[in-house]
Amino acid sequence: MRLATWNVNSLLARMPRVVEWLPRVRPDVLCLQETKLADVAFPSAELRELGYESAVDGDGRYNGVAILSRVGLDDVSRGFLREPGNPQRERRSIAATCGPLRIWSIYVPNGRELDSPHYTYKLEWLTALREAAREELAGARPLVLCGDFNVAPRDQDVWDPSAFVGLTHVTAPERQAIAELVALGLTDIQPRALKGAPFTYWDYRAGMFHKGCGMRIDLMLLDDSISSRVTDAYIDRDARKGQKPSDHAPIVVDLADPL
DNA sequence: ATGTCGTGGACGCCACGA
């Protein structure tokens with residue numbers, strides 16, 4: 001079984017890239033973040049022609065998440081219990097049962113600046129996510145929690161730790177939140193990079209991609225019970241190249257069958 | 001070099017989020 005997660009930074013703008021990528025890489029499940037599309041505008045028919053069902057949660061300009069699956073898409077759930085809002089609930093999480101797995105596609109708030117209310121919101125959101133994940137881990141199916149976490153878990157997950165002093169994504173509270181999530185019984189799968197450091201995001205500005213200045217902020221957290229089933233995991237760095245790329249690359253994880 | 005993108009409002013440029 002092949003799983004993937006990709007922050008596409010507008011699915012409408014990224015459809016040419018996604019439509020080229022899906023039939024070539026053929027994931028069984030693809031989790032999307034930052035679709036930036038209202039549900040009514042989601043290109044479900046075009047994706048269905050490629051063999052994928054869609055579960056979506058979006059309301060327009062910002063955020064928006066989805067799960068595409070060709071192995072079943074049941075018991076769809078949007079948001080989670082006691083999810084904080086900004087001030088209303090944002091479209092940052094969707095869950096579905098895809099074959100043998102319970103899969104969550106999540107988009108953690110960015111946090112902006114350390115003194116911003118958005119940073120507090122990010123930490124509260126991560127705490128609530130942890131409690132929701134604790135409940136899900138008690139369920140019948142192994143849990144996959146993946147998406148854009150907007151946190152680089154370790155110093156080696158950013159191109160230069162000294163460049164991030166005083167910035168979000170690397171602070172102790174953010175890293176602690178990820179560590180507590182993982183401690184519930186999840187494994188942070190370490191994908192091999194096809195070239196260079198194992199980053200999943202490179203800022204569009206200042207030629208950061210070409211300089212190799214990226215971050216690993218997209219994560220695939222697998223239930224400990226299936227982490228030994230991983231046969232391969234990689235970051236598709238090539239997806240960050242070429243015409244109109246997202247600023248994130250997809251993570252692809254292969255699991256041995258049957259689970 | 002805060003140097004790029006993407007969206008949407010109101011119009012060819014700005015605000016906002018990342």
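**Figure 1. Overall dimensions of chain A in the predicted model.** In this predicted model, chain A has a radius of gyration of 17 Å, which agrees with the value near 18 Å that a compact globule of 259 residues would have. The C-alpha trace spans about 45 × 40 × 40 Å along its principal axes, and 42% of the 259 residues count as buried. Among the contacts in chain A with a separation of 6 or more, 69% are accounted for by residues 24 or more positions apart. The secondary structure of the chain comprises five helices and 13 strands.

Figure 2. Strand E7 covers residues 101-107, and because seven of its seven residues are buried, the strand is largely enclosed by the rest of the structure. In a regular strand the side chains alternate between the two faces of the sheet. Both faces of E7 are covered, with Leu 101, Ile 103, Ser 105 and Tyr 107 buried on one side and Arg 102, Trp 104 and Ile 106 buried on the other.

**Figure 3. The hairpin of strands E6 and E7.** Strand E6, formed by residues 93-98, pairs with E7 in the antiparallel sense over six bridges. Two residues lie between the strands of the hairpin, in which Gly 99 takes a positive phi near 60 degrees.

Figure 4. Strand E7, helix H3 (residues 117-137) and strand E8 together make a right-handed β-α-β unit. Strand E8, formed by residues 143-148, pairs with E7 in the parallel sense over six bridges, and Arg 102, one of the buried residues of E7, stands opposite Leu 143 in E8.

Figure 5. Strand E11 covers residues 218-223, and six of its six residues are buried, so the strand is largely enclosed by the rest of the structure. E11 pairs with E8 in the antiparallel sense over five bridges, and in this pairing Leu 221 in E11 is the bridge partner of Leu 145. Strand E9, formed by residues 186-188, also runs antiparallel to E11 and is joined to this strand by three bridges; here Asp 188 stands opposite Leu 221 in E11.

**Figure 6. The open sheet of seven strands.** The strands of this open sheet follow the order E3-E4-E2-E1-E13-E12-E10, and their pairing is mixed. The edge positions are held by strand E3 (53-57) and strand E10 (192-193), each of which pairs on one side only. Within the sheet, strand E1 (residues 2-7) and strand E2 (residues 29-33) run parallel and are joined by five bridges, with Gln 33 in E2 as the bridge partner of Asn 7.

**Figure 7. The surface of the protein near DNA strand B.** DNA strand B is surrounded by 15 residues, of which the closest are Ser 10, Ala 13, Tyr 204, Arg 205 and Ala 206. The residues of this surface divide into five nonpolar, five polar and five charged.

Terms used
Residues are numbered from 1 along each chain as its sequence is written. Chains are lettered from A and ligands numbered from 1 in the order in which they are written. This is a predicted model: local features need pLDDT of at least 70, side-chain atom pairs count only at pLDDT 80 or more; totals for chains, interfaces and linings use all residues. Helices (H or I, at least four residues) and strands (E, at least two) are DSSP runs, numbered from the N terminus. The radius of gyration is taken over C-alpha atoms; the globule rule is 2.2 Å times the number of residues to the power 0.38. A residue is buried if 20 or more other C-beta atoms lie within 10 Å of its own, exposed if 12 or fewer, and partly exposed in between; C-beta atoms are placed from the backbone. Two residues are in contact if their C-beta atoms, placed from the backbone, lie within 7 Å. A residue is near a molecule or strand if its C-beta atom, placed from the backbone, lies within 6 Å of it. Ala, Val, Leu, Ile, Met, Phe, Trp, Tyr, Cys and Pro count as nonpolar, Asp, Glu, Lys and Arg as charged, and the others, Gly among them, as polar. Two strands pair if DSSP finds at least two bridges between them. A crossover is right-handed if, with the strands pointing away from the viewer, the path from the first strand over the helix to the second runs clockwise.
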